Amino acid sequence: QVQPVESGGGSVEAGGSLTLSCTASGDDWRYNVMSWWRQVPGKEREGIAAIYKSDDDTFYADSVKGRFALSFASSQQNTKNSVNLQMNRLKPEDSGMYYCVTGWVTLLSELWDASTYKWWGQGTQVTVSS
């Protein structure tokens, strides 16, 4: 089993920055991607950033591209179970519950399909005030 645990959420003014962290405990061979999703009440979950363990290749949703940066906390291959999501130039529409999610992604087309991912963290709240 795998258990992602998030930290680092909070409140910030528009234009500010926050860093979210996630460490996934358990069987790290069960997943090849670590990702972040967010959900706003009344809206569907949105995948916003993902990183592959094999080559650190990262992908971002258009809504956060150029403002958010996802990276592994360590560059060592056998310790790629922790990630940091640096969020800059935050906007009020970035507010929501942020989830760290891991899974095995076979096709790139599956990257933003929530059903691809098996292990979800409990979430951490991000609130951006205008």
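The structure is a predicted model, in which local features need pLDDT of at least 70 and side-chain atom pairs count only at pLDDT 80 or more, while totals for chains, interfaces and linings use all residues. Residues are numbered from 1 along each chain as its sequence is written, and side-chain values use heavy atoms, with hydrogens and water left out.

The chain contains zero helices and eleven strands, where helices (H or I, at least four residues) and strands (E, at least two) are DSSP runs numbered from the N terminus. The radius of gyration, taken over C-alpha atoms, is compared with a globule rule of 2.2 Å times the number of residues to the power 0.38. The value for the chain is 14 Å, close to the 14 Å that the rule gives for 130 residues, so the chain is as compact as a globular protein of that length. Along the principal axes, the C-alpha atoms fill a box of roughly 40 × 30 × 25 Å.

Arg 67 lies in the loop between β6 (58-60) and β7 (68-72). Arg 67 is buried, with a relative accessible area of 6%. Beyond its neighbours within four places in sequence, Arg 67 is in contact with Gln 86, Met 87, Asn 88, Arg 89, Leu 90, Lys 91 and Asp 94, contact meaning heavy atoms within 4.5 Å.

Key
Buried means under 20% relative accessible area, exposed over 50%, partly exposed in between (1.4 Å probe, protein chains only).
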